[in-house]
Amino acid sequence: MFSTLLFIFGALITFVISQECVPYSSPYDFSSGYPTIWETPTSDDFNTDEFQQVYNSIDWSQVPDIEHHQVVNGGLDRSNYPDSDPDCWWTYEQCSTPKAPGLQPDITICPEPETWGLTYDDGPNCTHNAFYDFLSENNQKATMFFIGSNVADWPNEAQRALTDGHQICVHTWSHPYMTSLSNEGVLAELYYARKAIKYVCGVTPLCWRPPYGDVDDRVRAIAQQLNLATIIWNLDTNDWDMVPAGSETPDQIDANFQSFVNMGQNGTFANSGCIVLEHEINNGTMSKAIEWYPKIKSAYQYVVPIATCMNITQPYAETNYTYPSFSEYTGTD
């Protein structure tokens with residue numbers, strides 16, 4: 001029996017790895033009212049009447065005057081940034097408690113003990129059906145951080161996430177380093193991604209995750225005025241860096257997962273839980289998610305979406321959509 005289960009499990013992983021994207025037409029039109037798909041918004045997008053209305057709705061006096069950072073050789077330049085970290089720049093030393101007044105702290109852990117906060121970035125993926133089938137078969141919900149351009153490219157997959165009961169959050173329009181952008185650029189990345197999700201899925205997210213975790217108090221302040229809570233993580237699988245897209249071997253990614261499983265078994269999270277960074281960015285990362293899910297479930301008492309572990313029962317601006325509390329989801333009333 002066990003060997004049969006292993007065969008089925010291995011066949012599912014092989015099927016996920018072997019899938020390829022198949023473009024399709026949809027009724028959703030992104031040719032106007034949005035930035036060019038997969039391009040960072042420009043002045044052409046900033047100068048529209050729609051965007052100007054959004055821009056003017058922001059109380060800019062509540063946004064700290066912080067100089068944006070420069071991207072050098074594909075990464076952010078940290079060479080001249082003060083050691084005191086005055087702007088709570090996560091990229092510098094993972095600061096998550098803002099130093100500017102009036103800003104909410106980032107969500108970085110699940111407060112419930114022995115709990116794995118299940119999150120996947122960079123979706124929706126055009127080949128994720130087998131992966132979502134797996135989650136559905138295990139009655140498992142997760143928090144999905146969707147890139148607006150992916151929603152535009154793959155609207156059917158975005159809709160399935162909502163239908164399956166996953167929590168959808170914003171992951172920007174084009175996945176840039178957010179602290180490298182102007183105020184207009186930050187606002188546009190958030191606004192148009194949220195607008196795309198609303199257009200396709202019919203819900204307005206109240207959460208977001210900065211690509212690469214790159215956020216500071218200026219970016220937080222803009223996001224907060226859009227009613228977007230900032231969600232980071234405290235464990236990173238590094239699945240995003242797995243070959244062939246990255247530089248780490250599958251064995252190295254397995255070692256990361258194993259260390260996190262060990263933490264679930266040795267009492268590391270006896271008092272509060274973790275939020276783990278995983279990705280549906282490609283077939284390799286989704287296959288790793290499937291491979292390690294049974295061990296995660298065995299090591300942690302609860303595996304839940306972030307809305308659940310934070311007891312957020314209304315994850316969208318639309319009040320007619322409700323989500324189970326932690327006790328309801330886990331049956332611990």
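The model is predicted, so local features are given where pLDDT is at least 70 and side-chain atom pairs count only at pLDDT 80 or more, while totals for chains, interfaces and linings use all residues. Residue numbers run from 1 along each chain as its sequence is written, and side-chain values rest on heavy atoms, with hydrogens and water left out. Helices (H or I, at least four residues) and strands (E, at least two) are DSSP runs, numbered from the N terminus.

**Largest pocket**

- The largest pocket holds about 440 Å³ of space.
- A pocket is an open set of points on a 1 Å grid over the protein atoms alone, with protein on both sides within 12 Å along at least five of seven lines. A 1.4 Å probe is used, and lining residues have an atom within 4 Å of a point. Grid points are joined across faces, edges and corners, and the volume is the space filled by probe spheres set on the points.
- The lining has 20 residues, and those closest to the pocket centre are Tyr177, Pro211, Tyr212, Trp233 and Trp240.
- Two or more lining residues come from each of β2 (75-76), α4 (90-93), β3 (115-123) and β9 (274-279).
- By type, the lining consists of 10 nonpolar, 6 polar and 4 charged residues. Here Ala, Val, Leu, Ile, Met, Phe, Trp, Tyr, Cys and Pro count as nonpolar, Asp, Glu, Lys and Arg as charged, and the others, Gly among them, as polar.

**Helices**

- In helix α5 (residues 129-137), the buried residues are Ala130, Phe131, Tyr132, Phe134 and Leu135. Buried means under 20% relative accessible area, exposed means over 50%, and partly exposed lies in between (1.4 Å probe, protein chains only).
- Asn139, which follows α5, has a positive phi near 50°.
- Helix α10 (residues 250-265) packs against helix α11 (residues 283-299) at an angle of about 15°, and their axes are 9 Å apart. This angle makes α10 roughly parallel to α11. Angles under 35 degrees count as roughly parallel, over 145 as roughly antiparallel, 65 to 115 as roughly perpendicular and the rest as oblique.
- The axes are lines fitted to C-alpha atoms, for helices over the stretch in contact, and the angles run from 0 to 180 degrees between N-to-C directions.
- The crossing of α10 and α11 is right-handed, a term used if the near helix is turned clockwise from the far one by less than a right angle.

**Cis peptide bonds**

- Gly123 and Pro124 are joined by a cis peptide bond with omega near -5°. Pro124 sits in the loop between β3 and α5.
- The peptide bond from Val243 to Pro244 is also cis, with omega about 5°. Pro244 belongs to the loop between β8 (235-236) and α10.

**Positive phi in loops**

- Thr172, a residue other than glycine, has a positive phi near 75°. Thr172 lies in the loop between β5 (167-170) and α8 (183-201) and is buried, at 0% relative accessible area.
- Asn311 is not a glycine either, and its phi is positive, about 55°. Asn311 is in the loop between α12 (306-309) and α13 (326-330) and counts as partly exposed, at 41% relative accessibility.

**Separations between C-alpha atoms**

- Cys110 lies in the loop between α4 and β3 and is buried, with a relative accessible area of 0%. The C-alpha atoms of Cys110 and Cys274 are separated by 5.3 Å, although these residues are 164 residues apart along the chain.
- Arg160 is part of helix α7 (residues 155-163) and counts as buried, at 19% relative accessibility. Between the C-alpha atoms of Arg160 and Tyr132 there are 8.4 Å, with the two residues 28 residues apart along the chain.
- Thr163 is also found in helix α7, and it is exposed, with a relative accessible area of 67%.
- Gln104 is located in the loop between α4 and β3 and counts as exposed, at 55% relative accessibility. The C-alpha atoms of Gln104 and Glu157 are separated by 32 Å, for residues 53 residues apart along the chain.
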